[in-house]
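Hi,

Here's the model I promised to pass on. Have a look at it first, and my notes follow below.

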Amino acid sequence: MLISKQITNDINAVPKTVVGVLLGILVLGIFMVGYDQGHLFSLAQGDQAFDTMWMHEFYHDMRHSAGFPCH
């Protein structure tokens, strides 16, 4: 006689670490698009990053479409 075991997984269970990582990415993304005026690159470039504002210029149009005023 052949006996088969059925293995069931709870599909609705999402690991809390995955949710935490995704929330961290979301918060960093909102910071980069909505607030960054050279703050992230100032860690590597120093005061020059506040003059060039690479992230601000890169996300300029996305900032306007998301409703963030920038000038």
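**What turned up**

Ser65 is in helix H5, residues 60–66 (helices are DSSP runs of H or I, at least four residues, numbered from the N terminus). Ser65 is exposed at 64% relative accessible area (exposed is over 50%, buried under 20%, partly exposed in between, with a 1.4 Å probe and protein chains only). Its side chain reaches the backbone oxygen of Met62 at 3.0 Å.

Before going on: this is a predicted model, so local features need pLDDT of at least 70 and side-chain atom pairs pLDDT 80 or more, while totals for chains, interfaces and linings use all residues. Numbering runs from 1 along each chain as its sequence is written, and side-chain values use heavy atoms, with hydrogens and water left out.

Another serine, Ser42, sits in helix H2 (residues 42–45). Ser42 counts as buried because its relative accessibility is 19%. A polar atom of the Ser42 side chain lies 2.7 Å from the backbone oxygen of His39. Beyond its neighbours within four places in sequence, Ser42 is in contact (heavy atoms within 4.5 Å) with Ala49 and Phe50.

On to the rings: there is one aromatic pair (ring centres within 6.5 Å; planes under 30 degrees apart are stacked, over 60 edge-to-face, the rest tilted). Phe58 and Tyr59 make up that pair, edge-to-face, with 5.0 Å between centres and 75° between planes. Phe58 is exposed, at 64% relative accessible area, whereas Tyr59 is buried, at 15%.

Cheers

Key:
Helices (H or I, at least four residues) and strands (E, at least two) are DSSP runs, numbered from the N terminus. A polar contact is a pair of N or O atoms within 3.5 Å; within protein, one must be able to donate a hydrogen and the other to accept it, and residues adjacent in sequence count only if both atoms are side-chain atoms. Rings of Phe, Tyr and Trp (its six-membered ring) pair if their centres lie within 6.5 Å; planes under 30 degrees apart count as stacked, over 60 as edge-to-face and the rest as tilted.
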